[in-house]
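Please examine the sequence and the model shown below. The explanation that follows leads through the structure one region at a time.

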Amino acid sequence: MANKKILIVPGDGIGQEVTAVGKKVLDKVAAKFGHEFTYDEALIGHVAIEATGNPLPEESLAKMKASDAVLFGAVGHPKYDNDPSAKVRPEQGLLKMRKELGLYANLRPIKLFDELLAASSIKPEILRGADILFFRELTGDIYFGDKGRKNNGDTAYDVAEYSRFEVERIGRKAFDAARTRRKKLCSVDKANVLETSRLWREEIQKLALEYPDVEVEYQFVDATAMLLIKDPCRFDVVVTANLFGDILTDEASQIAGSMGMLASASIGDGTGVYEPIHGSAHDITGKGVANPLASILSAALLLDISFGMKAESELVIHAVDQVLKAGYRTRDIADATTAPEMILGTDAMGEQVLSHL
Ligand SMILES: NC(=O)c1ccc[n+]([C@@H]2O[C@H](COP(=O)([O-])OP(=O)(O)OC[C@H]3O[C@@H](n4cnc5c(N)ncnc54)[C@H](O)[C@@H]3O)[C@@H](O)[C@H]2O)c1
Ligand SMILES: CC(C)[C@H](C(=O)O)[C@@H](O)C(=O)O
Ligand SMILES: [Mg+2]
């Protein structure tokens, strides 16, 4: 029995819809195992701009720092996506949260539930058994370097920077994880072109000497994009920089069947933040069709990583597996053989998972 303070930060668009389901799952787990979870909510993104003018109000940040874990949804609104000159943007709230909480490691597990083999456009014989753990560096790179315009606004720049300690700390986490898995690590960079990547590779090579039991390979990011689709089973743990990790994991969502299946854990030295890798999905917002499984699986990561509740976490993953085995699907993971009555909306899918807990 444990007492924990969980902060729910739904954000924008389908973030609101799926996080409500993730919270219900946490509630049910607490009741089942006799834990006491207390909840608070905080604003971020477009909803925070509307309410306060600030994409990450100080009050939200203070609540995050004071909580034991954060369940996060997504940020984003078409208003800003279509206005490149907007000075205040929802995404700034997300990046500030990551920086302020020191969330330098973003773990993105890509694991295919067997029942979804048919939902993917990749051939089943290539896909079967795929199980990759991405470590995406999250507080450095081109995201956080100097950026601006010059030459009367006719030239724009974004500076990419990495320091040795930033590469070392994410690299160490990735090597440690590889040791607990299949002992293979792939470090992804663009060291044939980028100086940040050459420093990245130097640091990973140094770390490799400390982990002789882990088989290390180095791949360029362009080749990795190809290999993920050609032969996803060759990968175990992948460690890479912020921008490469962002792009490669959206691609890798197709290994798991859909963006709506991928959970993530953003961790550092303080409060951990657990979030689907997907965004606010304007195209389906308000329709009640968003897949809540990424949020539910994020809740499972929260239980495991921030609270050390392994059995609770495994129960949630098992419940998701059972629901998929029973044939239930949201629209994004349905295939031609799915009967219409088995295609559920966000809340109904959540109810199925709750009933299997
Ligand atoms: N972590 C975040 O908060 C985050 C991540 C990515 C994008 N964004 C923001 O989200 C907005 C939309 O961006 P985008 O369209 O490029 O990416 P997106 O991830 O929101 O959507 C990409 C596609 O995947 C589908 N999709 C995503 N999640 C789904 C789910 N749970 N169930 C079913 N289908 C799902 C969407 O319908 C869309 O077709 C932008 O404003 C962007 O900046 C935020
Ligand atoms: C919204 C955006 C800033 C964010 C990122 O690029 O990190 C998103 O794509 C993600 O993957 O969480
Ligand atoms: Mg992304």
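The shell around ligand 2 consists, by class, of three nonpolar, one polar and two charged residues. In this division Ala, Val, Leu, Ile, Met, Phe, Trp, Tyr, Cys and Pro count as nonpolar, Asp, Glu, Lys and Arg as charged, and the others, Gly among them, as polar. The residues that surround ligand 2 are E91, L94, L95, D246, I277 and G279, where a residue is near a molecule or strand if its C-beta atom, placed from the backbone, lies within 6 Å of it. Helix 5 (residues 90–100) gives the most to this shell, with three residues. Helices (H or I, at least four residues) and strands (E, at least two) are DSSP runs, numbered from the N terminus.

This is a predicted model, in which local features need pLDDT of at least 70 and side-chain atom pairs count only at pLDDT 80 or more, while totals for chains, interfaces and linings use all residues. Residues are numbered from 1 along each chain as its sequence is written, and chains are lettered from A and ligands numbered from 1 in the order in which they are written.

Ligand 1 has 22 residues around it, of which G76, G260, H278, G279 and N291 come nearest. The shell around ligand 1 divides into ten nonpolar, seven polar and five charged residues. Helix 1 (14–33) and helix 5 each supply at least two residues of that shell.

Which residues does the UniProt annotation "binding site" cover? This annotation, from an unreviewed entry, covers D222, D246 and D250. They are spread over 29 residues of sequence but cluster in space, with a largest C-alpha distance of 14.3 Å. UniProt positions are given in the numbering used here, feature names are shortened, and annotations may be inferred rather than shown by experiment. D222 is found in helix 9 (residues 221–230), whereas D246 is in helix 10 and D250 also has its place in helix 10 (residues 242–256).

The exposure of these residues is judged by counting C-beta atoms, placed from the backbone: a residue is buried if 20 or more others lie within 10 Å of its own, exposed if 12 or fewer, and partly exposed in between. D222 counts as partly exposed because it has 13 C-beta neighbours inside 10 Å. D246 is partly exposed, with 17 other C-beta atoms within 10 Å, and D250 is partly exposed, with 15 C-beta neighbours inside 10 Å. D250 and H278 are 28 residues apart in sequence, and their C-alpha atoms are 7.9 Å apart in space.

The next topic is the sheet. Strands of a sheet pair through backbone hydrogen bonds, either parallel or antiparallel. Here, an open sheet of ten strands has the order 2-1-3-12-11-4-5-10-8-9, with mixed pairing; two strands pair if DSSP finds at least two bridges between them. Strand 2 (36–41) and strand 9 (215–220) stand at the edges, each with a single partner strand, so one side of each is left without a neighbour in the sheet. The twist averages 25 degrees from one strand to the next.

Within this sheet, strand 5 (residues 131–137) and strand 10 (residues 237–240) run parallel and are joined by four bridges. The bridge partner of R136 is T240 in strand 10. Helix 7 (residues 164–180) packs on the sheet, touching strand 4 (105–111), strand 5, strand 8 (184–189) and strand 10, and its direction makes about 165 degrees with that of strand 5. Contact between two residues requires that their C-beta atoms, placed from the backbone, lie within 7 Å. Axes are lines fitted to C-alpha atoms, for helices over the stretch in contact, and angles run from 0 to 180 degrees between N-to-C directions. Helix 8 (residues 195–210) also packs on the sheet, touching strand 8 and strand 9, with a direction about 165 degrees from that of strand 8.

Strand 6 (residues 147–150) and strand 7 (residues 155–158) run antiparallel, joined by four bridges, and G148 stands opposite Y157 in strand 7. These two strands form a hairpin with four residues between them, and N151 in the turn has a positive phi of about 50 degrees. N152 lies in the loop between strand 6 and strand 7 and has a positive phi of about 55 degrees although it is not a glycine. N152 is exposed, because 6 other C-beta atoms lie within 10 Å.
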